[in-house]
Amino acid sequence: MVDRLLGRRPVAGPVAPEDAKAEMWNRVQLARNLRRPRTLDLLAEMADEIIEIHGDRAFGDDAAMACGFARIDGHRVVFIGQQKGADTDENVRRNFGMPHPEGYRKAMRAMDLAERFGLPVVTFVDVPGAHPGPESEERGIAEAIARSIGLMTRLRTPIVSVITGEGGSGGAIAIAVGDVVIALENAVYAVISPEGCAAILWRSSDEAATAALAMRMSADDQQALGVVDQVVAEPGEGAHADHAETARRLRTVIVAELDRLERIPTDELLAARYERYRAFGAYTETAAPPMTPPPNRGLADRVRDLLDPTRWLTGTSTTGTPRRDDPTAPEEA
Amino acid sequence: MPIKLPSFRPRKDAYPADLWTKCPSCSEMLFNKQLDKSDRVCPTCGHHFRLSAEARIALLVDDRSFVEVDAGLQSVDALGFVDQKPYPDRLAAAQLATGMRDAAVRGTATIDGHRVSLCVMDFAFMGGSMGAVVGEKVTRAAEQALMERLPLIIVSASGGARMQEGTLALMQLAKTCAALERLRAAGVPYISIMSDPTTGGVFASYAVLGDINIAEPNALIGFAGARVAAGTIAQELPPGFQRSEFLFEHGFVDRVVARRSLRGEIADLLRYLVPGEQRPAADNGRSLFDPIGFLTSLADRVVPDLPAPEEAPARPTEPADDVPAARAADREATRG
């Protein structure tokens, strides 16, 4: 009924089959696998050299965000990526890969360096979400994310973004505004964690798998939506089983994209990047009467009305204006 | 037998829900009509209630100066999202309840004579969540501001990105920030007004990026929901956490402004942010009474020999209307 009213086809299948749900949840677990290769692991395999840089020059250094220079197959690049730990100790030190504002500000420093010294940027996204605690809010996590997104949309150098594990909402897109977005096969990307989504919409975090499926957070689904351009297959059981092979496959794709993007003139590159993000979002545009106020008629107008001689002659007011401006009727979209 | 006198002392349970509102801050029972008259601010304690987009626009801009554009934008269920209800049903229910097509209204208006590009969010529509339509309206408002060099004013009231649109909603962060960066580079001013609540993806994109950030008193403003924050890190949250004053204290809000002063403050700021603009004579809305002009026009009318003067158009034609219409023509109506 609603579909018909709004002129839409009904959605297929009201309830997702259980195996699709299990399959999706399996992917979420793979994306969160503790042995999954992290930013620095992948770089160690694919780069000939890595030089990390530290600190945001304002507050401190965030170990949850790794930034620096690397040489990949002859390309000198600036790399940026969230870094989870390999074990509990490292995870505590790296805050489970959840950056604070200073992490994103360090990333912006790295981007700025890339722009000024003509180096392309490669970002690796693997984050459950930006750190949500009070110290994050005090130091402006939202501001850091928004500024980082804004900077990436206008950065005058090519950007390749790779979703390697969890693409968790604002904390992910803050470093994922690439000219091209690549994802590993078992990576996931979503606007909110499946647990968070389930807690809000199903009022139970037990429905996390259902939420994951509904949000279509798998890499393949994201490619179908156009958010991800290219999906890179993982070896064997998943990336955690073979770091070297995963890095080798990623490296081929990253290098090919760098080759391609570096040939595009910067202005064209930026225009294309703007258009890439400008086009996201599904909506229809129909003719609708705009909320237009009736013209304001002050005392003078009303007195004028009363004194208007034509009013006495014809019995109608000539100064009366229609209550609404006639909307120019655009074609029904 | 004693006569039972009618009691004039109002009983709590006797308040009809649609007539009275209890102030969540001071527990005072407020008569709704009175509350509307005071711009939905509690007269006792100054608590700011949420405002509908319509009321917000009426409060903020010169009388009858607002002209809406892009009223026909409507979200499409790109994901086939079904939680306890399908997303299209939720949309339809919200549309019925609010009379709006989505959670934002955009257009042009004048504030104290300054023409501005304005986008106002409404929390009543699905928690003011940002999907394709909100993102598109904010972006178009910014693009129109850029094209016509109008100051941009966005009033946020949102729980964040709309989950039902998945990562496409997340991409609205990039879309809106990209447009704002262009505005910034062109030197066109942007004033962000944060009302209760401004959280999540909306706060972490256009709401926080104002050249000037203004917040209403005691509005909830934050990145992560307080429960998420407390749950994730199992830590006591400081009092006043994520309130306007908290953000002010930490340097992310320029001014915390009470609702009744909002319009005046914006007008004051615009006089600094709009380059070289003189305060224009009030020529719209509440026009000043011009006795000489009135007498002249009166003379024109009562002298029957003279031809009647050309009737001025009721309102100057809005050049703004043409631009989006022209753009809409080459824009694909639907995108997936």
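## Helix α3 of chain B

Helix α3 of chain B covers residues 87-98, and its 12 residues should span 16 Å at 1.5 Å a residue; the end C-alpha atoms are 16 Å apart, so the two values agree. The expected span is 1.5 Å times one less than the number of residues. Helices (H or I, at least four residues) and strands (E, at least two) are DSSP runs, numbered from the N terminus.

The buried residues of α3(B) are Y87(B), P88(B), R90(B), L91(B) and A94(B). Because these buried residues fall within an arc of 160° when seen down the axis of α3(B), they line one face of the helix. The arc is taken over the directions from the helix axis to the C-beta atoms. On the other side of α3(B), L96(B) and A97(B) are exposed. A residue is buried if 20 or more other C-beta atoms lie within 10 Å of its own, exposed if 12 or fewer, and partly exposed in between, with C-beta atoms placed from the backbone. After α3(B) comes G99(B), with a positive phi near 75°.

## Basis of the model

This is a predicted model, in which local features need pLDDT of at least 70 and side-chain atom pairs count only at pLDDT 80 or more, while totals for chains, interfaces and linings use all residues. Residues are numbered from 1 along each chain as its sequence is written, and chains are lettered from A and ligands numbered from 1 in the order in which they are written.

## The two chains

Chain A contains 15 helices and 9 strands, and 48% of its 333 residues are buried. Chain B contains 11 helices and 11 strands, and 45% of its 336 residues are buried.
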